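Colleague: I would like to learn how to read a model of this kind feature by feature, with the general idea stated before the particular case. Could we take it slowly, one topic at a time?

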Amino acid sequence: MNVKSLGYIGIESMNLEAWRTYCTSFLGLMDVSSNADELRFRMDDIGWRICIQTGNKEDLVFAGYDARDSDTLSVICEQLATLGYEASENKELANLRNVETLFVVSDPDGLQVELYYGATERSEIPFTSPAGVSGFITGEQGFGHFVLYTKHEDTKIQFYTDGLGFRLSDTILMGGKLRLTFLHCNPRHHTVALAAAPIDKYINHFMVQANSLDDVGFANDRALNLDIPISMGLGCHTNDRMVSFYTKTPSGFDVEFGFGARTVDENWSVAHHDTGSAWGHKRVAG
Ligand SMILES: [Fe+2]
């Protein structure tokens, strides 16, 4: 049994106002914050998808996976228990995250993983992008994807596959040495990618996928107009064929803004690549 999708992420930063500008004016997300110490942003009907809370880690601090329903959540907790991970219910946190039921567990690198069902939907207040983004690909594909560093590659892969039910999409050996493992749990080509690197951060980047190529072009213009550093220019990835570019967030890691990724289905064959991009994605800032 597998989780349905990545539902939300939480980031800790001391630069909340810079993040607010980044998420609204650049990414085009809807600000639904009600607390000065914790920003929240929407990208669809779900009540919130990204949370930025005050703190000095400048990193991802939690990730929430939609487990669909009570039965699926129970099975996933059993799968984790078989591997030696005990997920425990946290009603206070469920309330804070606006979900019905939530269990918490730490992954092999210590990242807080939240498994839930019953996210609050806000279809009565339609999502509108303050930057004019036509919309984001979410629904069954969830929030987006992220790339996580790991110092425990084998157990990390086991946690996400045998534990959370992800399946392998493909691998990329970057520069002959950095191995990336791409995992899916729904039609999105990858929801989690794992980079085997001894780096003291959880996240390399997260990705939001817009509805159109124009959305990517307009976002590129907004980055230039707002002086948001572009870390990798427009390009197309070898594995998911996403056309995207990367900018640096106020916390120092990157966000990929993309369009047009291919999806996976039950006929997918695992592949391997020796490079990350078919064209572009040239590094243009430090
Ligand atoms: Fe990506």
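Modeller: Let us begin with accessibility, where a residue is called exposed when its relative accessible area is over 50%, buried when that area is under 20%, and partly exposed in between. Please keep in mind throughout that this is a predicted model. Asp200, with a relative accessible area of 67%, is therefore exposed.

Colleague: Which residue forms a salt bridge with Asp200, and where in the chain do the two residues lie?

Modeller: Asp200 pairs with Lys151, and the closest N and O atoms are 2.3 Å apart. The pair links distant parts of the chain, since Asp200 sits in the loop between strand S12 and S13 while Lys151 sits in the loop between S9 and helix H4, 49 residues apart. Lys151, at 46% relative accessibility, counts as partly exposed.

Colleague: How many salt bridges does the rule count?

Modeller: The count comes to 12, and one of them joins Lys4 to Asp66, with 3.7 Å between the closest N and O atoms. Lys4 belongs to the segment before S1 and Asp66 to strand S5, so this pair ties together parts that are 62 residues apart in sequence. Lys4 is partly exposed at 30% relative accessibility, whereas Asp66 is buried at 13%. In the salt bridge between Arg49 and Asp44 the closest N and O atoms are 2.7 Å apart; here Arg49 is buried at 5% relative accessibility, and Asp44 is buried at 12%.

Colleague: How should I read the metal site, and which residues coordinate the iron ion?

Modeller: A metal site is read from its donor atoms, taken here as N, O and S atoms within 2.8 Å of the metal. The iron ion is coordinated by NE2 of His145, NE2 of His205 and OE of Glu256, at 2.0 to 2.2 Å. Along the sequence these donor residues follow the spacing H-x59-H-x50-E. His205 lies in strand S13 and Glu256 in strand S16, so that pair ties together parts 51 residues apart in sequence. Both His205 and Glu256 are buried.

Colleague: What is the general way to express the size of an interface, and into which domains is this chain divided?

Modeller: The size is often given as the accessible area lost when the parts come together. In this chain, domain 1 covers 5–119 and domain 2 covers 139–280, and their centres, taken over C-alpha atoms, are separated by 19 Å. The contact involves 38 residues from domain 1 and 45 residues from domain 2. About 3400 Å² is buried between the two domains, with carbon and sulfur atoms giving 69% of that area. Tyr22, Phe26 and Asp109 supply 21% of the area that domain 1 buries against domain 2, more than any other three residues.

Colleague: How many salt bridges and how many residue pairs in polar contact are found between domain 1 and domain 2?

Modeller: The rule finds 2 salt bridges across that interface, and 20 residue pairs are in polar contact between the domains. Several elements each supply at least two residues of the side of domain 1 that touches domain 2, among them helix H1, helix H2 and strand S5. The largest share of that side, 7 residues, comes from S1.

Colleague: Which residues of H1 are buried?

Modeller: The buried residues of H1 are Leu16, Trp19, Tyr22, Cys23, Thr24 and Phe26, and just after H1, Gly28 takes a positive phi of about 85°.

Technical notes. Residues are numbered from 1 along each chain as its sequence is written. This is a predicted model: local features need pLDDT of at least 70, side-chain atom pairs count only at pLDDT 80 or more; totals for chains, interfaces and linings use all residues. Side-chain values use heavy atoms; hydrogens and water are left out. Donors are N, O and S atoms within 2.8 Å of the metal (3.2 Å for Na, K and Ca); water is not among the atoms, so sites may look incomplete. Helices (H or I, at least four residues) and strands (E, at least two) are DSSP runs, numbered from the N terminus. Buried means under 20% relative accessible area, exposed over 50%, partly exposed in between (1.4 Å probe, protein chains only). Domain bounds come from an automatic or database domain assignment. Contact means heavy atoms within 4.5 Å. Buried area is the accessible area (1.4 Å probe) that two parts lose on being put together, summed over both. A salt bridge is a side-chain nitrogen of Lys or Arg within 4 Å of a carboxyl oxygen of Asp or Glu. A polar contact is a pair of N or O atoms within 3.5 Å; within protein, one must be able to donate a hydrogen and the other to accept it, and residues adjacent in sequence count only if both atoms are side-chain atoms.
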